[in-house]
Amino acid sequence: MQTAPMKQTATAKKALEHSSLGKTAFTLTLIGDFFLLFALIVTTIAQSNGNEAKPYFFVALYWIFVIPSTIMAIMDLNKPNRKKTLPKASLILGLGMIVIVMVIAILAMVLFVATK
């Protein structure tokens with residue numbers, strides 16, 4: 001005797017979707033990363049022309065976008081029955097970008113001091 005295949009319920013289908021919290025965190029992180037990269041580009045161009053650049057506005061925008069997105073991503077990771085891809089990507093892109101920039105800055109300082 002064969003049984004009919006089980007149909008997925010609406011709650012089972014919903015559990016496989018990304019939450020709006022994760023989507024928002026990921027979007028805010030991408031916007032924040034754009035502002036950080038823009039600040040780095042402005043600084044590099046200004047220094048190559050012999051000027052002093054102060055992109056504090058763009059760095060402040062980065063922090064304004066990344067801090068809430070980090071909090072939302074952590075909250076979303078703690079909730080059950082959700083896909084975890086976007087919150088993980090948000091944390092990697094947000095906090096990972098900070099680590100990458102700091103490592104590059106430390107290497108640049110070490111190389112600059114080593115050449116003097």
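The model is a predicted one. Leu37 sits in helix H2, which runs over residues 20–48. From Leu37 to Tyr62 the C-alpha distance is 9.3 Å, although 25 residues separate the two in sequence.

**Helix H3**

- The buried residues of H3 are Leu61, Tyr62, Phe65, Val66, Ser69, Thr70, Met72, Ala73 and Asp76.
- H2 and H4 are among the elements that cover these buried residues.
- In general, residues three or four places apart on an α-helix point the same way, because the helix has 3.6 residues a turn.

**Packing of H3 on H4**

- H3 (residues 56–78) and H4 (residues 85–115) pack at an angle of about 140°, and their axes are 9 Å apart.
- The crossing of H3 past H4 is left-handed.
- On the H3 side, the contact is made by Tyr62, Trp63, Val66, Ser69, Thr70, Ala73, Ile74, Asp76 and Leu77.
- On the H4 side, the contact is made by Pro87, Lys88, Ser90, Leu91, Gly94, Leu95, Met97 and Ile98.
- By class, 11 residues of this contact are nonpolar, 4 are polar and 2 are charged.
- Tyr62, Val66, Ser69, Thr70, Ala73 and Asp76 are listed both as buried in H3 and as part of the H3 contact with H4.

**Aromatic residues**

- The whole structure contains 7 aromatic pairs.
- Phe35 and Phe65 form a stacked pair, because their ring centres are 5.7 Å apart and their planes meet at 20°, where the cut-off for stacking is under 30 degrees.
- This pair links distant parts of the chain, with Phe35 in helix H2 and Phe65 in helix H3, 30 residues apart.
- Phe35 and Phe65 are both buried.
- Phe57 and Phe58 make an edge-to-face pair, with 5.6 Å from centre to centre and 70° between the planes.
- Phe57 counts as exposed, because its relative accessibility is 56% and the cut-off is over 50%.
- One aromatic cluster is formed by Phe34, Phe35, Phe38, Phe57, Phe58 and Phe65.
- The cluster thus includes Phe35 and Phe65, which are buried, as well as Phe57, which counts as exposed.

Technical notes
Residues numbered from 1 in each chain as written. Predicted model: local features only at pLDDT ≥ 70, side-chain atom pairs only at ≥ 80, totals over all residues. Heavy atoms only, no water. Axes fitted to C-alpha atoms, helices over the stretch in contact; angles between N-to-C directions. Helix = DSSP H or I, 4+ residues; strand = E, 2+ residues; numbered from the N terminus. Left-handed = near helix turned anticlockwise from the far one by under 90°. Contact = heavy atoms within 4.5 Å. Nonpolar A, V, L, I, M, F, W, Y, C, P; charged D, E, K, R; others polar. Buried < 20%, exposed > 50% of the residue type's maximum accessible area, 1.4 Å probe, protein only. Phe/Tyr/Trp six-rings, centres within 6.5 Å; stacked < 30°, edge-to-face > 60°.
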